[in-house]
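Colleague: Before we discuss this model, could you put it on the screen, so that we can go through the strands and then the aromatic rings?

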Amino acid sequence: MERQPARTLWYDRPKYVFMEFCVEDSTDVSVLIEDHRVVFSCRNGDGVELYNEIEFYAKVNSKDSQDKRSGRSITCFVRKWKEKVAWPRLTKEDIKPVWLSVDFDNWRDWEGDDEMELAQVEQYAELLNKVSTKRPPPAMDDLDDDSDS
């Protein structure tokens, strides 16, 4: 019986790239994360052998990467070698395999977050400038010293 690739979802974060190999009731799971690639293999609930080999878009820190198995999938947390550098794709080659998809449920465009935060701070400062008056604070000499009366 010929082996086939497992359906794989991925998404990007500032420090990690996440991959999920979608295989229910997996057995004989093997995940090898190296600095430039990941090799995944297992058998699904029907006994079909699944195999994926992915050359990464960029170097990763294999020693600080890990995988976690659940009943429905195997998730890999792959630590980027260069943090805060967005990956436009998971693979080194600019060809997207049929079995590989972006996990849009978890995808977030974090690359512009710093700029967005700075823009919000500037907007807040501008709002404060509009609200604040340029006059000196009101004199409070008309208030009584004796507040008990």
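Colleague: In this predicted model, over how many bridges do E3 and strand E4 pair?

Modeller: E3 belongs to an open sheet in the order E3-E4-E5, where the pairing is antiparallel. The antiparallel pairing of E3 and E4 extends over 5 bridges.

Colleague: Which strands stand at the edges of that sheet?

Modeller: The sheet is open and has the order E3-E4-E5. A strand with a single partner has one side left without a neighbour in the sheet, so the edges are strand E3 (27–33) and strand E5 (49–55).

Colleague: Is Phe 18 buried or exposed?

Modeller: The relative accessibility of Phe 18 is 14%, and the cut-off for a buried residue is under 20%. Phe 18 therefore counts as buried.

Colleague: How is the pair of Phe 18 and Phe 77 classed, by the centres and planes of the rings?

Modeller: The ring centres of Phe 18 and Phe 77 are 5.4 Å apart and the planes stand at 85 degrees, while planes over 60 degrees apart count as edge-to-face. Phe 18 lies in strand E2 and Phe 77 in strand E7, so the pair ties together parts that are 59 residues apart in sequence. By the angle of its planes, the pair is therefore edge-to-face.

Colleague: Which ring does the charged end of Lys 59 sit over?

Modeller: The charged end of Lys 59 is 3.9 Å from the centre of the ring in question, and that ring belongs to Trp 81.

Notes:
Residues are numbered from 1 along each chain as its sequence is written. This is a predicted model: local features need pLDDT of at least 70, side-chain atom pairs count only at pLDDT 80 or more; totals for chains, interfaces and linings use all residues. Side-chain values use heavy atoms; hydrogens and water are left out. Two strands pair if DSSP finds at least two bridges between them. Helices (H or I, at least four residues) and strands (E, at least two) are DSSP runs, numbered from the N terminus. Buried means under 20% relative accessible area, exposed over 50%, partly exposed in between (1.4 Å probe, protein chains only). Rings of Phe, Tyr and Trp (its six-membered ring) pair if their centres lie within 6.5 Å; planes under 30 degrees apart count as stacked, over 60 as edge-to-face and the rest as tilted. A charge sits over a ring if NZ of Lys or CZ of Arg is within 6 Å of the ring centre and within 35 degrees of the ring normal.
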